[in-house]
Amino acid sequence: FGKTIVEQLVSAELLRQWGKDIGLSPSKEEIAQEIKQLPYFLDEKKQFDITRYKSILSANRLTPQGFEDSITSEILMRHASMSAGWVPLSSNEAKLH
């Protein structure tokens with residue numbers, strides 16, 4: 001029916017690596033924009049809140065650099081999948097299935 005989790009992880013890593021190999025690289029602006037639209041980092045006015053960002057990362061034992069690296073990987077995988085002609089589920093969508 002579906003791929004195992006291990007197969008999905010391997011496929012995702014191969015896709016990210018292929019993206020790097022063909023020279024895909026998200027810009028710093030693209031990474032920042034992706035992070036700034038995540039709802040859990042927005043204040044009551046729906047504006048990005050750097051203090052909230054750092055606090056939530058810290059509470060989850062993440063550094064800004066580590067989190068940004070993971071966002072970079074997700075964007076790279078998305079770019080690579082579009083270049084390859086297919087778009088897999090996002091990590092959040094995959095967790096729902």
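Let's start with Arg61, which is exposed, with a relative accessible area of 80%; exposed here means over 50% relative accessible area, buried under 20%, and partly exposed in between, using a 1.4 Å probe and protein chains only. Arg61 sits in the loop between H3 and H4, and its phi is positive, near 55°, in a residue other than glycine. Most residues other than glycine have a negative phi. Lys46 also has a positive phi, near 65°, and Lys46 lies in the loop between H2 and H3. At 63% relative accessibility, Lys46 counts as exposed.

A word on what we are looking at. This is a predicted model, in which local features need pLDDT of at least 70 and side-chain atom pairs count only at pLDDT 80 or more, while totals for chains, interfaces and linings use all residues. Residues are numbered from 1 along each chain as its sequence is written, and side-chain values use heavy atoms, with hydrogens and water left out.

On to the layout. Of its 97 residues, 22% count as buried.

Which residues of H1 are buried? They are Ala12, Leu15, Arg16 and Gly19. These four cover an arc of only 95° around the axis, which puts them on the same side of H1; the arc is that of the directions from the helix axis to the C-beta atoms. The face turned away from that buried side carries the exposed residues Val6, Leu14 and Asp21. After H1 comes Gly23, with a positive phi near 90°.

Now the inside. The largest nonpolar core has nine residues: Ile31, Ile35, Leu38, Phe41, Tyr53, Leu57, Phe67, Ile71 and Ile75. By nonpolar core I mean a set of buried Ala, Val, Leu, Ile, Met, Phe, Trp, Tyr and Cys residues joined through side-chain atoms within 4.5 Å. Helices H2 (28-36), H3 (50-59) and H4 (64-84) each supply at least two residues of this core, and H4 gives the largest share, three residues. Leaving aside neighbours within four places in sequence, Ile75 is in contact with Pro26, Glu30, Ile31 and Glu34, contact being heavy atoms within 4.5 Å.

Asp49 caps the N-terminal end of H3, with a side-chain oxygen 3.0 Å from the backbone nitrogen of Thr51. In H4 we find Ser81, which is buried, with a relative accessible area of 0%. The Ser81 side chain reaches the backbone oxygen of Arg78 at 2.9 Å.

Finally, confidence. The protein averages a pLDDT of 84, and 84% of the residues score at least 70; pLDDT is the predictor's confidence in each residue, from 0 to 100. Where is confidence lowest, and where highest? Helix H5 (residues 91-96) is lowest, at a mean of 48, and H3 is highest, at 97. Over residues 93-97 pLDDT stays under 50, and the model has two contacts there beyond four places in sequence. Where pLDDT is low, the predicted coordinates should not be read in detail.

Methods
Polar contact = N/O pair within 3.5 Å; in protein donor to acceptor, adjacent residues only side chain to side chain.
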